[in-house]
Amino acid sequence: MSRDAATTIIQTLREHGHVAYLAGGCVRDRLLGVAPKDHDVATDAPPDVVQKLFRRSQPVGEAFGVILVYAPGINPNADAEPQRGEASGTDRPQRRFVPIEVATFRTEGVYSDGRRPDEVNFTTAEHDAQRRDFTINGLFEDPLHPDTPNPDADGHGVIDYVGGRADLESKTLRAIGDPDRRFGEDYLRMLRAVRFTTRLGFTLDPSTAQAIRNLSKFLSQISRERIGGELQLMLTTPHFAASADLLQQLRLDGPTLNEDHLDAEMSVLTRLSPDAGYAAKLTAWMIDRHGLAAATPARVRRWRKALCLSNDDTDTLNRILRQLHAAEDWATMSVAKRKRLLSMTDWDQTLLVWRAMKRADAIDADTPALIEDGIGLAPAPLVDGADLIAMQLKPGPLFKTLLDQVYDAQLEGRVTDRQAALAWVRQSASEG
Ligand code: ATP
Ligand code: MG
């Protein structure tokens with residue numbers, strides 16, 4: 001487990017006369033009773049000392065003084081570095097080298113380029129706590145307490161310089177110190193506030209919320225990569241509808257998407273199944289904000305830029321929108337067209353959005369009969385291009401039309417075997 005690995009590192013640092021604690025998210029999560037994603041260590045040892053003390057280490061955030069140290073532990077992640085000479089692939093849990101981020105206590109200046117702080121200075125645990133964003137993220141824990149008593153720690157081994165424990169108990173998300181100043185140093189913290197509030201089911205402290213409302217427009221100064229990354233984290237939790245709603249309440253929706261602020265109701269997003277992927281969630285959000293008719297390729301291009309969407313997500317988003325627009329004609333569609341729609345890539349995601357729009361009743365009612373008609377949605381074609389060439393037909397636009405048409409005939413049961421399909425093609429080609 002990564003907690004053991006982090007504790008081993010802390011012990012080594014301690015033996016060499018340094019202060020070292022678990023820091024940030026893992027302390028918060030343990031106190032909330034949820035499994036932390038990872039365990040970070042913070043120490044007063046400078047980065048070069050950390051690197052000297054741990055042979056298996058590498059700098060990862062040089063601007064911040066963060067060293068990745070590989071420490072022995074049971075690593076649940078398969079991609080971690082295997083121990084030398086250790087056979088992999090056995091069933092029992094294996095001792096592996098777990099990557100742990102070890103950061104030197106630091107203060108940070110403002111993020112004037114929207115990407116990284118202008119200056120970083122190494123400091124004490126207390127000042128390091130104060131440069132963190134929210135009180136619940138500003139806690140340290142001494143995992144060696146009470147075996148080696150730490151006078152700064154409470155009964156849980158927690159070291160709290162910022163009032164984080166009380167806020168955890170009252171489920172309050174609060175900026176550390178003066179909220180205007182803290183958001184002014186790094187406007188991305190406004191999005192992080194939304195993410196933590198909705199993920200944990202907390203309430204935003206009123207003066208923290210007010211500061212965000214006042215400063216929301218400055219979010220556009222943050223790099224699009226950071227905004228997009230934060231939005232993805234937010235929307236890939238089960239609390240995406242609440243996140244979109246809170247973004248809007250705090251007037252962060254406009255600067256996040258590079259659009260105007262809207263007072264939209266998140267009804268599609270609220271009804272969307274948790275099985276929906278990121279692109280389907282973005283689609284639902286776009287429909288809530290603008291309606292299906294205005295969910296166009298041009299808007300997808302704008303969102304892609306605003307959120308630094310990957311090619312994959314953009315393609316999926318476009319595909320879902322095309323399929324939604326096609327599904328509007330379901331009632332008048334031929335059987336072949338219906339089957340083609342149902343077997344398209346990402347149709348499952350489209351259907352989740354269509355259901356959330358409460359428009360999928362007819363499709364849901366008609367689908368079983370289309371699947372179980374003895375032909376199926378996407379049978380192997382009875383004829384292919386090679387057959388057409390064998391008939392002396394020249395590849396060209398007619399070629400594809402013939403193949404499409406004969407496949408439609410197959411999907412609808414108008415041709416049922418290869419001979420009939422070949423005859424069908426011969427007949428059509430001679431006619432046209
Ligand atoms: P998660 O479980 O989502 O990883 P986390 O609290 O570990 O939550 P990280 O983004 O991994 O969040 O950051 C680790 C810690 O670093 C935070 O708990 C917080 O103390 C601090 N931190 C991260 N980003 C910022 C920021 N932009 N401004 C101030 N402090 C930050
Ligand atoms: Mg983390």
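**Entry 1: ligand 1**

I sorted the shell around ligand 1 and found one nonpolar, four polar and five charged residues. In this scheme Ala, Val, Leu, Ile, Met, Phe, Trp, Tyr, Cys and Pro count as nonpolar, Asp, Glu, Lys and Arg as charged, and the others, Gly among them, as polar. I then listed the shell itself: G24, G25, K37, R132, D133, N137, G138, D186, L188 and R189 surround ligand 1. A residue is near a molecule if its C-beta atom, placed from the backbone, lies within 6 Å of it.

**Entry 2: basis of the model**

I note that this is a predicted model, in which local features need pLDDT of at least 70 and side-chain atom pairs count only at pLDDT 80 or more, while totals for chains, interfaces and linings use all residues. Residues are numbered from 1 along each chain as its sequence is written, and chains are lettered from A and ligands numbered from 1 in the order in which they are written.

**Entry 3: domains**

I looked up the domain assignment of the protein chain, which gives domain 1 (2-170), domain 2 (264-374) and domain 3 (385-431). Such bounds come from an automatic or database domain assignment. The centres of domain 1 and domain 2, taken over C-alpha atoms, are separated by 42 Å.

**Entry 4: backbone features**

I found a cis peptide bond from H145 to P146, with omega near 5 degrees. P146 is placed in the loop between β8 (139-141) and β9 (158-160). Helices (H or I, at least four residues) and strands (E, at least two) are DSSP runs, numbered from the N terminus.

I next examined C308, a residue other than glycine with a positive phi, near 50 degrees. C308 belongs to the loop between α14 (297-307) and α15 (311-327). It counts as partly exposed because it has 16 C-beta neighbours inside 10 Å. The rule is that a residue is buried if 20 or more other C-beta atoms lie within 10 Å of its own, exposed if 12 or fewer, and partly exposed in between, with C-beta atoms placed from the backbone.

K358 also has a positive phi, near 60 degrees, and I located K358 in the loop between α17 (347-356) and α18 (361-371). K358 has 10 C-beta neighbours inside 10 Å and therefore counts as exposed.

**Entry 5: L321**

Leaving out residues up to four places away in sequence, L321 touches T283, A295 and V300. Contact means that the C-beta atoms of two residues, placed from the backbone, lie within 7 Å. I also noted that L321 and P297 are 24 residues apart in sequence, with 8.4 Å between their C-alpha atoms.
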